[in-house]
Amino acid sequence: MARPFHVGIGPAHWLLDPSVYGVGFMREVVGRWASDLDITRLGSLIACVSAAPAVWRFLRGAWHDVYGWIRQFFLASVTVPAKDPLNTPVHVWVLDNVIKTRSIRSFTARTKARAGAAADKAAHLKKSRREVDYVPHFETTWFWHSGSLFVFTRSLARFKSLMMDPGYDGISGEEFTISCLGWSTEPIRRLIQTCQEDADNQAQYFVLIYTPDSSYYGGGWKLKMRKPIRRLDTVHFDDGVKQDLLADIRKYLDPKTKRWYQTRNMPYRRGYLFHGPPGTGKSSLCAALAGEFGLDLYELKIPSIKTDENLESMFMTIPPQCIVLLEDIDAIWADRDVNAEKVTNPTANKRHIRSSCTLSGLLNVLDGVGSQEGRIVIMTTNKPEQLDSALVRPGRVDMKVHLGYINRTSAEQMFLRMFAPDLDNPFAAPSPDNDESVLEKDPQRDAELMGRLASQFSMQIPEEALTPSQLQGFFQLNLDSPIDAVSKISGWVEKQMSSSSSDDDVEIVDDGKS
Ligand SMILES: Nc1ncnc2c1ncn2[C@@H]1O[C@H](COP(=O)(O)OP(=O)(O)OP(=O)(O)O)[C@@H](O)[C@H]1O
């Protein structure tokens, strides 16, 4: 696909270099032609050149008409709107199976917005240069698939304008049409099914996370990221609670449960409340559950919702089977409390970040007509005691899960996870194998040694005093050696315990409601 070029040849000379494709040949043709040039030939050449644009316009118009006739009488077609969830799988399939196999010569180069594996590598090597994405330009492409000829057409103008948006990933975002020879759309339906199956196969390794799309009037969703699945055993909290939670969700998603709800005319919905101090894994647990059950995650930060109407229209466009994560639910205004709170404590809303949508607006979307059957709503809060009892009553919250400060068992598990060897990743944390001071060649002995180190480490962690994210921060600073981690932990714990980290240190954001 990439064309070779000659680095050593300066700009003044490269055109004359016969090794550049076609240049030698062209030079010979032009040379011969110029040697027996006469004035009559020159006149006819100028006439031909000036007529060329008109001829080109005529041919284009004629082709446009002919193509329109072909489409009308000989092609069946299906159009997929820009923001439809089907858009991305089909687009990705066409890029992977058609475009990438062709020798495309026209690309848009953009600096990558998100960090990837190579970006991690660059960071590791302390290089600041960012990766570049080459996104192919194409408007219409033809291809054969399963014995049928297809035409894939998209708007290049729309693609170019989307490329201005750094958040645009270069796939999907513009409407496209797939056509095939014949009068039946059946081959196109089969192709779309293939694209969906392909996407499903890839999605089993990722969680698709959607976030509100501000470009939609009212409310809509856009794909925020495809996140590699996080295993549930990497989120540490009470094992019994974890098993209960998993069993509850598994039972809810069982088709038999769905039938049971439907035959008894009960709303088929499930709600959970994850509560606990900041940094105890509430969001991480949601993402891990989405991966475990193969569901997409729709994230909504309650403080960022502008109105009840926005909330409602966003709920209307949530698909039936997914996880909806409502973060910081304590930021919701309880209508009946608003005025009272303002009178008794004018600075009340300065103490907490408050959302503009109301409790009744939220209850309405949780129970009302806009509420999709089959979805799981997970609400998170750091202040469960402030929630209105109407919000957490059974039916809206069916199970409460407390994620608290880390205990010794979890600290031990975290230590083992952090220093587990990772053969796929050259930048992974070292195992004792890499640690000169404890060089062992026997995996059994390594495991025993790591077990001993993990238990020495956890013995120095005070019970239920630090958050898992604090401990994760410690590991991030001490990834090179498990032995160093054990020797440094007591000093670090002492420092953490003595440093005052009260809520008063946190800057309060005014929501402008005072
Ligand atoms: N229980 C846990 N097990 C493993 N890692 C955790 C746990 N809790 C937090 N972490 C780590 O700490 C970081 C922050 O976690 P997360 O955002 O899930 O916490 P949170 O409770 O949702 O915080 P907040 O209330 O501030 O939103 C993540 O990188 C996560 O890996």
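Colleague: How many residues surround the ligand, and which are the closest?
Modeller: The ligand is surrounded by 16 residues, and the closest are Pro278, Gly281, Ser284, Pro468 and Ser469. A residue counts as near a molecule if its C-beta atom, placed from the backbone, lies within 6 Å of it. Please note that this is a predicted model, where local features need pLDDT of at least 70 and side-chain atom pairs count only at pLDDT 80 or more, while totals for chains, interfaces and linings use all residues. Residues are numbered from 1 along each chain as its sequence is written.

Colleague: Which elements give two or more residues to that shell?
Modeller: Helix H9 (282–293) and H16 do. Helices (H or I, at least four residues) and strands (E, at least two) are DSSP runs, numbered from the N terminus.

Colleague: What is the make-up of the shell by class?
Modeller: The shell around the ligand has five nonpolar, 10 polar and one charged residues. Here Ala, Val, Leu, Ile, Met, Phe, Trp, Tyr, Cys and Pro count as nonpolar, Asp, Glu, Lys and Arg as charged, and the others, Gly among them, as polar.

Colleague: And which domains does the shell draw on?
Modeller: At least three of its residues come from each of domain 2 (221–402) and domain 3 (408–498). The domain bounds come from an automatic or database domain assignment.

Colleague: Back to H16: where does it stand relative to H14?
Modeller: The axes of H14 (residues 408–418) and H16 (residues 468–477) come within 11 Å and cross at roughly 35 degrees. Those axes are lines fitted to C-alpha atoms, for helices over the stretch in contact, and angles run from 0 to 180 degrees between N-to-C directions.

Colleague: Is the crossing left-handed or right-handed?
Modeller: The crossing of H14 and H16 is right-handed.

Colleague: Which residues make the contact?
Modeller: H14 contributes Ser410, Ala411, Met414 and Met418, and H16 contributes Pro468, Leu471 and Phe475. Two residues are in contact if their C-beta atoms, placed from the backbone, lie within 7 Å. By class, six of the residues in this contact are nonpolar, one is polar and none is charged.

Colleague: What is histidine 236 in contact with, beyond its neighbours in sequence?
Modeller: Leaving aside neighbours within four places in sequence, histidine 236 is in contact with Ile406, Ser410, Gln413, Met414 and Pro468. Histidine 236 lies in the loop between strand E8 (221–228) and helix H7 (239–253). Its C-alpha atom is separated by 9.0 Å from that of threonine 409, 173 residues apart along the chain.

Colleague: Is histidine 236 buried or exposed?
Modeller: Histidine 236 is buried, with 23 other C-beta atoms within 10 Å. A residue is buried if 20 or more other C-beta atoms lie within 10 Å of its own, exposed if 12 or fewer, and partly exposed in between, with C-beta atoms placed from the backbone.

Colleague: What about leucine 325; where is that?
Modeller: Leucine 325 lies in strand E11 (residues 322–327). It counts as buried because it has 24 C-beta neighbours inside 10 Å. Not counting residues up to four places away in sequence, leucine 325 touches Cys286, Leu297, Tyr298, Glu299, Leu300 and Ile378.

Colleague: Changing topic: why does helix H8 lie largely in the open?
Modeller: Of the nine residues of H8 (residues 255–263), the number buried is zero, so this helix lies largely in the open. Just after H8, asparagine 265 takes a positive phi of about 55 degrees. Most residues other than glycine have a negative phi.

Colleague: Where does glutamate 464 lie?
Modeller: Glutamate 464 lies in the loop between helix H15 (443–459) and H16. It has a positive phi of about 50 degrees although it is not a glycine. Glutamate 464 counts as exposed because it has 10 C-beta neighbours inside 10 Å.

Colleague: And serine 146, where is that?
Modeller: Serine 146 is in the loop between strand E4 (140–145) and strand E5 (148–154). Its phi is positive, near 50 degrees. With 9 C-beta neighbours inside 10 Å, serine 146 counts as exposed.

Colleague: Finally, how many helices and strands does the chain have?
Modeller: The protein chain has 17 helices and 13 strands. Buried residues make up 23% of its 514 residues.

Technical notes: A crossing is left-handed if the near helix is turned anticlockwise from the far one by less than a right angle, and right-handed if clockwise.
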